Amino acid sequence: MKDAAEGGTDRPGLSREKVLQKALELADREGIAALSIRSLAKGMGTKPMTLYYYVANKDQILDGLVDLVFTEIDTPEAGGEWKEQMRRRAHSARKVLRRHPWAVGLLESRKAPGPATLKHHEATLGALRAAGFTVQQTARAYSLLDSYIYGFALQEAALPIAGNGPMAEVAGPIMERFATGEYPHMVEIATEVVMQPGYDYGNEFAYGLELILNALEPASKTPTPAAPPAPQSAPRAPA
């Protein structure tokens, strides 16, 4: 039997890629907590021991799933305008995490990242460095962008609405608890923003992203602080 990391021994109708794709479907449908070698084998109509030819354990499955998710996220291209590259990447990542909400807490957790994961990180860092960001600025910009993307995706996934349902469906019943007048600012936001026709919380993503992109500037465009004037000598007292 070959090592699972090398792809495993050939079996009719099975491959490492098919095992991981089935695992992705199971995680999307039932959540990552429901994923195990046993549940995966059941879903594929085979025995758990058969899957060990392709994946050694659940950790290898999770490593593979994270890599699959990164293949779906747009990767920055060399030579592109950095803000547009980061903007495209951010919107793509949000869409992918809406398809795979279970992945939000896994993308940066793997100790054995796959090639797609490494390629994505390398390309993103490279785009920032090519734009003139220093190493320190690049690390901070990447951290800031991903904190916003992942945080927004996590909050969006936690909203008590199904799919793209209007927030008014949730806000309406909650408004009944505001009748006492104790929460005037919440009433104000609910009535003037959330319950307005066409409001979609997801539209707030672009606003926040632009604030971050506009606040980031590479070292080549960051003004160098003027040096303080040299202290002048005190006039000497007459002899």
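Helix α1 (residues 16-30) and helix α4 (residues 58-72) have axes that come within 10 Å and cross at roughly 80 degrees; here axes are lines fitted to C-alpha atoms over the stretch in contact, and angles run from 0 to 180 degrees between N-to-C directions. Helices are DSSP runs (H or I, at least four residues) numbered from the N terminus. Because angles of 65 to 115 degrees count as roughly perpendicular, α1 is roughly perpendicular to α4. Contact (heavy atoms within 4.5 Å) involves R16, L20, Q21, A23 and L24 of α1 and Q60, I61, G64, L65, L68 and E72 of α4.

This is a predicted model, in which local features need pLDDT of at least 70 and side-chain atom pairs count only at pLDDT 80 or more, while totals for chains, interfaces and linings use all residues. Residues are numbered from 1 along each chain as its sequence is written, and side-chain values use heavy atoms, with hydrogens and water left out.

With a relative accessible area of 4%, H100 is buried (under 20%, using a 1.4 Å probe and protein chains only).

Key
Helix = DSSP H or I, 4+ residues; strand = E, 2+ residues; numbered from the N terminus. Parallel < 35°, antiparallel > 145°, perpendicular 65-115°, else oblique. Buried < 20%, exposed > 50% of the residue type's maximum accessible area, 1.4 Å probe, protein only.
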